[in-house]
Amino acid sequence: MSNQEIIEKINGFLVDEFEADINLITPEASLKETLDLDSLDFVDLVVVIENNFGFKAKGEDFVNIKTFQDFYDYIIQRVGDK
Amino acid sequence: MNRVVITGIGVYSCIGQNVDEVRDSLFKGKSGIGFDAIRKEMGFRSALTGVLPVPNLKDKLHRRFRNSMPEEAEYAFLATDEALKMAKIDDAFLDNNIVGILYGNDSTAKATIEGVDVMRAKKDTTLMGSGSIFQSMNSTITMNLSTIFRLKGINFTVSGACASGSHAIGMGYFLIKHGMQETVICGGGQEVNPYSMGAFDGISAFSIRENEPTKASRPFDKNRDGLVPSGGAATVILESYENAKKRGATILGEVIGYGFSSNGGHISQPSVEGSARSLKMSLKDAGISVKDVDYINAHATSTPIGDAFEARAIHEVFGDAKCPVTSTKSMTGHECWMAGASEIVYSLLMMHNSFVAPNINFETPDDDSAKLNIISKTIEKNIDVFLSNSFGFGGTNSSLIVKKIK
């Protein structure tokens with residue numbers, strides 16, 4: 001899967017599962033604020049990551065993820081590690 | 001003591017998804033029963049069930065609310081939204097007043113099983129998702145609706161088997177009567193899926209008249225062979241008479257009597273004595289005689305023993321008063337945890353439209369039902385007072401009496 005395909009897949013589930021406005025998803029935008037994520041939403045983020053990419057993210061993995069670009073980079077790295 | 005009135009009703013059921021549709025179905029004697037092939041594949045003895053669509057609330061509720069809601073909470077949301085609108089209770093009222101909720105529910109099988117299935121498959125509890133805990137607790141309806149409607153009063157679920165919805169209204173009535181609450185959202189909800197009904201099917205409680213789904217639920221008929229499971233949700237808005245008058249709300253009826261009892265006997269076998277005590281207690285609480293009751297909405301689920309015992313209890317209490325009796329479960333099937341609330345809604349619709357809905361499929365009386373005045377075809381009738389029975393496993397009984405305010 002190319003990086004672009006990964007990003008499209010991520011954006012797809014953020015729109016479908018988290019009902020994000022695609023126009024607000026930009027690489028530099030805040031993931032947490034744009035999606036209005038609370039602590040429960042992070043649990044569901046772990047679920048959709050597992051469903052879409054087959055690995056289990058840990059809570060501490062999200063500490064350094066601030067922007068959508070950070071999120072893309074994290075997923076791309078984890079997919080590459082598999 | 002406060003007088004307790006009903007100012008709004010809402011319903012989502014297999015005979016209609018709002019009060020207008022349900023009123024028409026009741027008048028026409030329309031059955032909501034069908035055949036669910038999936039149940040047959042799963043090994044059900046009977047695949048009969050009430051048939052209703054699972055709502056899509058995407059345009060009505062934020063994702064975060066929906067994530068915590070199993071189907072029974074979705075049904076209950078729609079019924080409650082309709083009831084609040086009818087009662088003219090808006091967001092401003094909810095934000096500035098103490099409104100409570102008491103809702104009947106006694107299972108969350110689908111949410112529980114699907115959550116556990118994920119845990120078993122993935123060997124990881126996080127992957128059950130954040131909604132699973134809120135969907136699978138028995139209080140799921142009250143916890144979801146109290147959050148959505150920002151309720152600040154009494155807030156808990158009443159689990160009293162197939163009398164849950166009736167007891168919820170009875171408890172709301174009690175709290176308002178004694179001045180502890182002004183307004184309480186009451187009702188009952190019931191999930192409709194194979195998981196929730198497999199074990200019930202397993203004790204051979206269901207009708208196996210699968211070749212004639214709409215004729216399978218036949219309360220009081222001599223040839224009945226079991227109940228048909230069903231569900232949805234129904235809501236009534238209870239408030240003090242003073243509060244309703246002050247708001248200028250339309251009063252649909254006054255709850256004047258609540259009776260209850262426990263059989264103190266077998267876990268599934270009914271009791272004439274226990275049921276009769278509930279009936280008598282409601283009449284005493286209402287301060288009326290049997291001659292004042294214009295219509296009885298029976299619990300009768302279409303099981304051979306249950307209907308016979310209820311017929312004997314009604315006859316014991318009402319004697320030869322010949323009060324019209326019907327079981328709307330002939331059309332809806334047995335709405336279980338919801339039934340006690342939905343049957344108040346059904347009876348109120350009859351009261352306000354001056355008819356008695358038929359006990360469809362009542363073709364041949366048996367020795368017990370022959371002693372009652374069971375109505376098998378819709379009749380026009382003025383109803384000033386009705387009584388509604390609900391009985392459940394464990395021998396829990398509830399009877400509610402509602403009077404028209406003129």
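I worked from a predicted model, in which local features need pLDDT of at least 70, side-chain atom pairs count only at pLDDT 80 or more, and totals for chains, interfaces and linings use all residues. Residues are numbered from 1 along each chain as its sequence is written, while chains are lettered from A and ligands numbered from 1 in the order in which they are written.

**Chain B overall.** I counted 16 helices and 15 strands in chain B (DSSP runs numbered from the N terminus, H or I of at least four residues for helices, E of at least two for strands). I then looked up the radius of gyration of chain B: it is 20 Å, close to the 22 Å from the globule rule for 406 residues, so the chain is as compact as a globular protein of that length. That radius is taken over C-alpha atoms, and the rule is 2.2 Å times the number of residues to the power 0.38. Of the 406 residues in chain B, 60% are buried (20 or more other C-beta atoms within 10 Å of the residue's own, C-beta atoms being placed from the backbone).

**Chain A against chain B.** I found 9 residues of chain A in contact with 6 residues of chain B (C-beta atoms, placed from the backbone, within 7 Å).

**Strand S1 of chain B.** I checked residues 4–12: 9 of the 9 are buried, so S1 is largely enclosed by the rest of the structure. S1(B) runs antiparallel to S7 (residues 232–240), with 8 bridges, and B:Val11 has B:Ala234 as its bridge partner there. S1(B) also runs antiparallel to S8 (residues 253–262), with 3 bridges; in S8(B), B:Val255 is the bridge partner of B:Val4. Strands pair if DSSP finds at least two bridges between them.

Key
A residue is buried if 20 or more other C-beta atoms lie within 10 Å of its own, exposed if 12 or fewer, and partly exposed in between; C-beta atoms are placed from the backbone. Two residues are in contact if their C-beta atoms, placed from the backbone, lie within 7 Å.
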